[in-house]
Amino acid sequence: MLALRPNCECCDKDLPNGSAEALICTFECTFCASCAETRFGGRCPNCGGDLVKRPTRPVAMLAKYPASTERVRKHHKACA
Ligand SMILES: [Zn+2]
Ligand SMILES: [Zn+2]
């Protein structure tokens, strides 16, 4: 199950469930669309995989399967 991480690990922008800007790789490294495009060229800087739009968890499912509240930050060379 996806953790649905709450933020971009590069710029720390909030990316709540349902955000159209949330992109993930196969390991669920999570980035905002801006960082993914302008800093990383659509590739995850951690694993090299492609970044795709994160699916939205239906609201009715969130009570039983809540989104993660643990903010993940990693420093990448492209991150200011
Ligand atoms: Zn970002
Ligand atoms: Zn990755």
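How exposed is Cys11, in terms of relative accessible area? Cys11 is partly exposed, at 35%, where that label covers values between buried (under 20%) and exposed (over 50%), with a 1.4 Å probe and protein chains only.

1. Ground rules. This is a predicted model, so local features need pLDDT of at least 70, side-chain atom pairs count only at pLDDT 80 or more, and totals for chains, interfaces and linings use all residues. Residues are numbered from 1 along each chain as its sequence is written, chains are lettered from A and ligands numbered from 1 in the order in which they are written, and side-chain values use heavy atoms, with hydrogens and water left out.

2. Zinc ion (ligand 1). The SG atoms of Cys8, Cys11, Cys32 and Cys35 coordinate this zinc ion at 2.3 to 2.4 Å. Donors here are N, O and S atoms within 2.8 Å of the metal (3.2 Å for Na, K and Ca); water is not among the atoms, so sites may look incomplete. The angles run from 99 to 119 degrees, which makes the site tetrahedral, a label that needs all angles of four donors between 85 and 135 degrees.

3. Spacing at ligand 1. Along the chain, the donor residues follow C-x2-C-x20-C-x2-C. In contrast to Cys11, which is partly exposed, Cys35 is buried at 2%.

4. Cys44 is buried at 3%, while Cys47 is partly exposed at 33%.

Definitions and conventions: Four donors count as tetrahedral if all angles lie between 85 and 135 degrees; four count as square planar and six as octahedral if opposite donors are over 155 degrees apart and all others between 65 and 115; anything else is irregular.
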